[in-house]
Amino acid sequence: MKILTTVKRVTDPDMKVKIKPDGSGIVTDGVEYKMNSFDEYGVEEAIKLKEAHGGEVVVVSVGPKAATKEIRTALAMGADRGILIETDEDLDSDAVARLLAEVVKAEAPEVVLMGKQAVDSDRNQAGQMLASYLGYPQATFAYSLEVADGWATVGREVDGGTSTKRVKLPAIVTADLRLNEPRYASLPGIIKAKRKPLDTKSPSDLGVDITNKVNVLKFEAPPARAAGQIVDSVDALIEKLRDEAKAL
Amino acid sequence: MAFDLFNPTETHLTFRQMIRQFVEREVEPQAEAHDHGEQFNQGLFRKLGELGLHGVTVPERFGGSGMDAVAAVIAHEELAASDPGFCLAYLAHSMLFVNNLAINGNDEQRQRFLPGACDGTLIGGMCMSEPDAGTDVMGMSTTAKKDGDDYILNGRKMWITNGAISDTDLGDVFLVYAHTGEKHQRSISLFLVEKGMEGFSLGQKIKGKLGMRASTTAELVFEDVRVPSKNLVGLEGGAVKSMMRNLALERLTLAAMSLGIARRCVEIMNSYAQDRKAFGQPLNRFGQIQRHIAESYAEYMAGRSYVYQVAQNLALDAYGQRIDSDGVKLYCSVMAKNVADRAIQTLGGYGYVSEYKVERLWRDAKLLEIGGGTIEAHQKNMTRDLTGLEKLL
Ligand SMILES: Cc1cc2nc3c(=O)[nH]c(=O)nc-3n(C[C@H](O)[C@H](O)[C@H](O)COP(=O)(O)OP(=O)(O)OC[C@H]3O[C@@H](n4cnc5c(N)ncnc54)[C@H](O)[C@@H]3O)c2cc1C
């Protein structure tokens with residue numbers, strides 16, 4: 001089985017976000033970059049599928065040259081080969097989906113595994129858009145995945161509970177946190193990854209115009225929260241919620 | 001790519017990030033409790049084996065990862081930034097036992113012990129110090145007398161990291177130095193001593209350590225222990241060289257631990273001094289605090305550059321690289337203790353309690369001025385090596 005999985009290079013989600021004075025973006029000096037954590041679940045699931053069914057895991061990233069590091073990490077976890085679509089532009093989800101669509105057409109995998117969203121911009125769109133550009137079925141927010149006889153059965157996290165969806169392959173599946181426990185890239189894995197193939201392509205090689213349709217105008221910090229209060233009893237709390245906060 | 005002394009190849013960089021991620025998720029959350037309870041975390045130790053860390057310098061055919069001294073430094077720097085105590089147990093196993101045997105043992109011995117030691121199912125250590133001989137190593141009194149095809153080992157070893165894995169259980173296997181000739185002859189030999197050998201027992205697990213409490217330290221007792229000659233490592237009487245060779249890597253990685261401690265302390269004091277306000281300003285607007293932060297950073301970077309420069313040039317199987325392996329540990333151990341001290345000072349009362357971590361790092365930092373050679377021993381060795389050198393090229 002051929003499985004395609006995607007990884008995005010993102011700023012460390014645990015850092016304190018600082019916005020540039022002109023609001024054009026966030027300050028990235030001294031910031032660490034990592035693989036998007038939801039993508040780790042996607043990569044892990046792809047490797048598990050390969051371990052169960054045999055085949056090949058192709059890992060794809062859209063991003064700057066430095067994103068080869070995130071691809072190598074996925075290769076060190078156990079993926080077989082990498083493709084970097086190299087661009088220094090800050091793309092919207094739509095441009096990313098159109099780039100990935102060309103790679104998927106060329107590679108023809110049976111399953112495409114992605115993170116449900118990227119933890120830098122939290123847009124939660126690329127997977128859905130990719131499915132619609134390709135005309136593939138999609139199952140988002142997966143917490144379980146089984147593949148048999150050309151179909152995938154996907155347990156999904158939905159508002160207020162879970163649901164199960166069956167989709168015909170090829171399909172797009174996006175990973176949520178409960179899907180698995182991503183393995184670490186072991187040191188022997190890292191050494192093996194050096195020898196695995198990694199191709200670089202440009203958006204123009206794929207014939208895709210990456211002009212953004214969605215443009216970011218300005219970054220702003222949310223207003224500072226007012227200080228909290230400590231009350232000494234539940235009754236006092238209820239009173240405050242009712243009279244001051246008008247929340248009851 | 002720009003020149004990166006600390007991550008000379010992409011493999012080193014990926015390796016560092018893998019460990020850092022592992023440390024954030026799995027090491028950091030357990031550090032305080034294991035320090036507090038003076039307990040060794042065996043489960044976590046096993047996980048280092050799955051990641052390939054125990055055999056970082058061991059050839060792949062013996063279950064290792066076949067990397068270099070720089071990779072060993074990276075591993076220690078990253079682990080010690082969170083949990084120096086746990087890292088010391090890692091060092092005693094992977095550097096003092098695993099690497100020591102990989103370099104100085106024969107193929108049969110490597111085959112017998114390294115696969116288990118690399119995956120973390122066997123816990124090893126190294127026994128040099130004794131109750132009455134530390135800095136004065138040659139003054140050790142443990143002896144091994146040839147008896148037919150065996151050696152009969154007698155003596156006591158003190159301060160042995162991983163000597164016990166709990167209050168009552170010995171570690172699995174040890175490299176033990178002992179005299180095989182008259183004391184004045186410098187004829188020291190190295191033996192593999194295994195748990196279960198008759199006469200080999202746990203004297204005591206040492207309690208009440210100031211720091212490094214997540215590693216165990218023990219006194220080990222050898223009473224007429226019969227060690228077969230297949231457990232003699234290297235030549236009889238020839239162990240001084242192997243000892244020196246391994247000490248170089250030990251000191252380099254202990255210095256790397258100091259770097260991890262210093263980095264963490266700089267991070268903590270730097271962010272605290274931005275958030276904490278006094279007299280209407282963040283602490284980092286005050287000149288005295290600026291001095292703590294800036295000098296700590298500069299000293300940390302100086303130490304870091306020295307360590308990686310030496311690591312780049314340290315051949316694992318070479319002998320006679322003493323001056324700089326002593327030098328990095330002399331400089332970095334003192335540096336990290338001072339940086340931890342300034343971090344406590346910058347945090348004031350908050351620095352003095354466990355929540356902000358710098359008090360634990362300060363306690364752990366102190367050991368690095370003692371273990372693996374005291375700073376006075378480094379001063380002695382280095383000055384001897386410098387004597388007669390007219391120019392430093
Ligand atoms: C937590 C911990 C873990 C350890 N783990 C191990 C281990 O795994 N394996 C192992 O073999 N050992 C281990 N050690 C032992 C360690 O290496 C020794 O403690 C160290 O070498 C110092 O020896 P000592 O304690 O006997 O002190 P001593 O040698 O008695 O020194 C006492 C003081 O005298 C000074 N001094 C001694 N000689 C001279 C001199 N010629 N000139 C100037 N000053 C001198 C020393 O610098 C020191 O300040 C460990 C120690 C500790 C505390």
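User: Which domains of chain B does the shell around the ligand draw at least three residues from?

Analyst: In this predicted model, the shell draws at least three residues from each of domain 2 (125-233) and domain 3 (244-386) of chain B. Chain B is divided into these two and domain 1 (10-123).

User: What makes up the shell around the ligand, by element and by class?

Analyst: Strand S1 (124-127), strand S3 (150-161) and helix H10 (375-386) of chain B each supply at least two residues. By class, the shell divides into 10 nonpolar, 10 polar and 3 charged residues. Of the 23 residues around the ligand, those that come nearest are Met128(B), Gly134(B), Thr135(B), Thr374(B) and Glu376(B).

User: Is Glu38(B) buried, exposed or partly exposed, and what shows it?

Analyst: Glu38(B) has 19 other C-beta atoms within 10 Å.

User: Why are helices H3(B) and H4(B) called roughly antiparallel?

Analyst: Two packed helices are described by the angle between their axes and the distance between the axes. The axes of helix H3 (residues 69-80) and helix H4 (residues 84-104) of chain B come within 8 Å and cross at roughly 155°. Angles over 145 degrees count as roughly antiparallel, so H3(B) and H4(B) are given that description.

User: Which residues of H3(B) and H4(B) meet, and what classes do they belong to?

Analyst: From H3(B), the residues are Ala72(B), His76(B), Leu79(B) and Ala80(B); they meet Pro84(B), Phe86(B), Cys87(B), Tyr90(B), Leu91(B) and Met95(B) in H4(B). This contact of H3(B) with H4(B) has 9 nonpolar residues, 1 polar residue and no charged residues.

User: How many residues does each side give to the contact between domain 1 and domain 3 of chain B?

Analyst: The centres of domain 1 and domain 3 of chain B, taken over C-alpha atoms, are separated by 21 Å. Their contact takes 22 residues from domain 1 and 25 residues from domain 3. On the side of domain 1 that touches domain 3, H1, H3 and H4 of chain B each supply at least two residues. The residues of that side of domain 1 divide into 13 nonpolar, 5 polar and 4 charged.

User: What makes the peptide bond from Leu169(A) to Pro170(A) cis, and where is Pro170(A)?

Analyst: The omega of this bond is near 0°, and the bond is cis. Pro170(A) has its place in the loop between strand S9 (161-168) and strand S10 (171-175) of chain A.

User: What describes chain A as a whole?

Analyst: Chain A has 6 helices and 11 strands. Of its 248 residues, 38% count as buried. Among contacts in chain A between residues at least 6 apart in sequence, 70% join residues at least 24 apart. The C-alpha atoms of chain A fill a box of roughly 65 × 45 × 40 Å, taken along the principal axes.

Terms used:
Residues are numbered from 1 along each chain as its sequence is written. Chains are lettered from A and ligands numbered from 1 in the order in which they are written. This is a predicted model: local features need pLDDT of at least 70, side-chain atom pairs count only at pLDDT 80 or more; totals for chains, interfaces and linings use all residues. Helices (H or I, at least four residues) and strands (E, at least two) are DSSP runs, numbered from the N terminus. A residue is buried if 20 or more other C-beta atoms lie within 10 Å of its own, exposed if 12 or fewer, and partly exposed in between; C-beta atoms are placed from the backbone. Two residues are in contact if their C-beta atoms, placed from the backbone, lie within 7 Å. A residue is near a molecule or strand if its C-beta atom, placed from the backbone, lies within 6 Å of it. Ala, Val, Leu, Ile, Met, Phe, Trp, Tyr, Cys and Pro count as nonpolar, Asp, Glu, Lys and Arg as charged, and the others, Gly among them, as polar. Domain bounds come from an automatic or database domain assignment. Axes are lines fitted to C-alpha atoms, for helices over the stretch in contact, and angles run from 0 to 180 degrees between N-to-C directions. Angles under 35 degrees count as roughly parallel, over 145 as roughly antiparallel, 65 to 115 as roughly perpendicular and the rest as oblique.
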